[in-house]
Amino acid sequence: TTEWTTTYKDGAFVYDKKGFNALDPATANHVLGLFKPSHMQYKVDQDPSANGEPSLAEMTDKAIRTLKKNKKGFYLHVEGGRVDHAHHAGNAYRALTDAIALSDAVRKAVETLKELRFIDEVDDHYELHDWKDHNGFVANFGRRSEQAKKAISKRWDTDRNTERNTV
């Protein structure tokens, strides 16, 4: 943690739910949360007090609210890793409750993304809100795709003509 806090002087290091709850996503730019020396507790074993761990859904929500400030966009990977541990230990109850916690985190991600206007609910599905405004790379996909097809076709024709001339 010393190396990380030295590298990210404006960063926040949290180790319990109290510190996590005090984090302001509007001002936090770099966050490192280490709540246990090894793996976090199974959902059913977590301490709900301020000395405990935040839930996967709480961490997901706060991560999205913190990362949304990045003008380049963001990628967030949310994993319920203890599900696998519980299965290997033959503990179906802990596997199931941790799988439910992961499901809750996904539900919270959708709620947060809707609230922040990253996605819109349309009939029976979700769409990215103002996708062309938020992602120029994807917005120009059609044009770039056509350019790539022309370049490949030109190269293909050149290669075929070269082969014909050498035979």
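The model is predicted, so local features need pLDDT of at least 70 and side-chain atom pairs count only at pLDDT 80 or more, while totals for chains, interfaces and linings use all residues. Residues are numbered from 1 along each chain as its sequence is written, and side-chain values use heavy atoms, with hydrogens and water left out.

Of the 167 residues in the chain, 23% are buried; here buried means under 20% relative accessible area, exposed means over 50%, and partly exposed lies in between (1.4 Å probe, protein chains only). Contact means heavy atoms within 4.5 Å. Among contacts between residues at least 6 apart in sequence, 48% join residues at least 24 apart.

Helix packing comes next. Two packed helices are described by the angle between their axes and the distance between the axes. The axes of helix 3 (residues 56-67) and helix 5 (residues 92-115) come within 8 Å and cross at roughly 30 degrees. That makes helix 3 roughly parallel to helix 5. The axes are lines fitted to C-alpha atoms, for helices over the stretch in contact, and angles run from 0 to 180 degrees between N-to-C directions. Angles under 35 degrees count as roughly parallel, over 145 as roughly antiparallel, 65 to 115 as roughly perpendicular and the rest as oblique. The crossing of helix 3 and helix 5 is right-handed, a label given if the near helix is turned clockwise from the far one by less than a right angle, with anticlockwise counted as left-handed. On the helix 3 side, the contact is made by Leu56, Ala57, Thr60, Asp61, Ile64 and Arg65. Helix 5 contributes Ala101, Leu102, Asp104, Ala105, Lys108, Ala109, Thr112, Leu113 and Glu115. The residues of this contact divide into 8 nonpolar, 2 polar and 5 charged, with Ala, Val, Leu, Ile, Met, Phe, Trp, Tyr, Cys and Pro counted as nonpolar, Asp, Glu, Lys and Arg as charged, and the others, Gly among them, as polar.

Ser55 is buried, with a relative accessible area of 14%. Leaving out residues up to four places away in sequence, Ser55 touches Lys43 and Gln46.

How many aromatic pairs does a search of the whole structure find? The search gives 4, taking rings of Phe, Tyr and Trp (its six-membered ring) as paired if their centres lie within 6.5 Å, with planes under 30 degrees apart counted as stacked, over 60 as edge-to-face and the rest as tilted. One of these pairs is formed by Phe20 and Phe35, which are edge-to-face at 6.3 Å centre to centre, with 75 degrees between the planes. Phe20 lies in helix 2 (residues 17-22) and Phe35 in the loop between strand 2 (31-33) and helix 3, so the pair ties together parts that are 15 residues apart in sequence. Both Phe20 and Phe35 are buried. Phe74 and Phe118 have ring centres 5.9 Å apart and planes at 70 degrees, so this pair is edge-to-face too. Phe74 lies in the loop between helix 3 and helix 4 (82-88) and Phe118 in the loop between helix 5 and strand 3 (119-122), so the pair links distant parts of the chain, 44 residues apart. The C-alpha atoms of Phe13 and Val31 are 5.9 Å apart. Thr1, in the segment before helix 1 (2-7), is in contact with Phe13, Leu32 and Leu34, leaving aside neighbours within four places in sequence.

Backbone angles complete the picture. Asp123 has a positive phi of about 50 degrees although it is not a glycine, and counts as exposed at 72% relative accessibility. Arg117 has a phi near 65 degrees and is partly exposed, with a relative accessible area of 45%.

Technical notes: Helices (H or I, at least four residues) and strands (E, at least two) are DSSP runs, numbered from the N terminus.
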